[in-house]
Amino acid sequence: MDYLGIDFRCALGSIKNGNFPPKDCLLPLISKLLGYAIVAASTTVKLPQILKILKHRSVRGLSVVAFELEVVGYTIALAYCLHKGLPFSAFGELAFLLIQALILVAIIYYFSQPVGIFTWIRALLYCAVAPTVLAGQIDPILFEALYASQHAIFFIARVPQIWKNFSNKSTGELSFLTCLMNSGGSLVRVFTSIQEKAPTSVILGSVLGILTNGTILSQIIIYQKPQVQKEKKVK
């Protein structure tokens, strides 16, 4: 019994015989199921952040550069996984995260009027280069270098936001739910990447995601609590 690339025969055969499925049979099955669960969850992971901005009509406390770099990182990561021919369950969330990240950046631009000339140049440059990267129409060595750099891009993307949170002692309009799902997704993806025998660089990216997203999540917990108490006192 094979469904969406998931082989249930081994597990079901063991259960029918009254035995618990062996580790070599169970772990790949769990990995596949978790992989598709991440892909499914990724379709709404940035929705809380988008809705929070639209509700308050504000991008207070958000780093524009951080979200722009996130788009670049998702683009490179998705292109690399497509190029390597990894199973969809191992990277599918990147497609949905990229779409949502693009929408998020567009909303941030809208609520950050007036947008500077350099911001428009960055946006146009991305639109010109991204299709070529996603199509894999670049030198293989350059592709590997780009993918190696995307870990640094994701790390650098989080640093401005982490620093801004620390400097302001506030996380502004950052969504707790979105950061929580980002951290949980990175944690699960480490396990699934190991099971799918993904390149070490892919696993490293997920580990960095746990560290950076976890840092921002802890800042939200630390800084938003005093902020809520201040708002109650004002009322």
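**Helix by helix**

Modeller: Leu187 sits in helix α9. The model is predicted: local features need pLDDT of at least 70, side-chain atom pairs count only at pLDDT 80 or more, and totals for chains, interfaces and linings use all residues. Residues are numbered from 1 along each chain as its sequence is written, and side-chain values use heavy atoms, with hydrogens and water left out.

Colleague: Is Leu187 buried or exposed?

Modeller: Buried means under 20% relative accessible area, exposed over 50%, and partly exposed in between (1.4 Å probe, protein chains only). Leu187 has 54% relative accessibility, so Leu187 counts as exposed.

Colleague: How far apart in space are Leu187 and Ile210, C-alpha to C-alpha?

Modeller: In sequence, 23 residues separate Leu187 and Ile210. In space, C-alpha to C-alpha, the separation is 6.1 Å.

Colleague: What pattern does the protein follow along the sequence?

Modeller: Helices (H or I, at least four residues) and strands (E, at least two) are DSSP runs, numbered from the N terminus. The protein has ten helices and two strands. Read along the sequence, the pattern is β-β-α-α-α-α-α-α-α-α-α-α.

Colleague: Among contacts between residues at least 6 apart in sequence, what percentage join residues at least 24 apart?

Modeller: Contact means heavy atoms within 4.5 Å. Among contacts between residues at least 6 apart in sequence, the share joining residues at least 24 apart is 80%.

Colleague: Which residues does Ser63 contact, leaving aside neighbours within four places in sequence?

Modeller: Ser63 is in the loop between α3 (47–56) and α4 (64–84). Ser63 has a relative accessible area of 9%, so Ser63 is buried. Leaving aside neighbours within four places in sequence, the contacts of Ser63 are Pro160, Gln161 and Lys164.

Colleague: How are α4 and α8 oriented to each other, parallel or antiparallel?

Modeller: Axes are lines fitted to C-alpha atoms, for helices over the stretch in contact, and angles run from 0 to 180 degrees between N-to-C directions. α4 and helix α8 (residues 140–168) have axes 8 Å apart, at an angle of about 155°. Angles under 35 degrees count as roughly parallel, over 145 as roughly antiparallel, 65 to 115 as roughly perpendicular and the rest as oblique. α4 and α8 are therefore roughly antiparallel.

Colleague: What is the hand of the crossing of α4 and α6?

Modeller: The axes of α4 and helix α6 (residues 93–110) come within 9 Å and cross at roughly 155°. A crossing is left-handed if the near helix is turned anticlockwise from the far one by less than a right angle, and right-handed if clockwise. The crossing of α4 and α6 is left-handed.

Colleague: How many nonpolar residues does the contact of α4 with α6 have?

Modeller: Ala, Val, Leu, Ile, Met, Phe, Trp, Tyr, Cys and Pro count as nonpolar, Asp, Glu, Lys and Arg as charged, and the others, Gly among them, as polar. Residues of α4 in the contact include Phe67, Val71 and Leu78, while those of α6 include Leu94, Leu98 and Val105. One polar and two charged residues take part, and the nonpolar count is 17.

Colleague: What kind of aromatic pair do Trp163 and Phe166 form?

Modeller: Rings of Phe, Tyr and Trp (its six-membered ring) pair if their centres lie within 6.5 Å; planes under 30 degrees apart count as stacked, over 60 as edge-to-face and the rest as tilted. The structure holds six aromatic pairs. Trp163 and Phe166 lie three residues apart in helix α8, about one turn of the helix. Their rings are 5.6 Å centre to centre with 35° between the planes, and the pair is tilted.

Colleague: Which residues form one aromatic cluster?

Modeller: Apart from pairs, there is a cluster to name. One aromatic cluster is formed by Tyr80, Phe143 and Tyr147.
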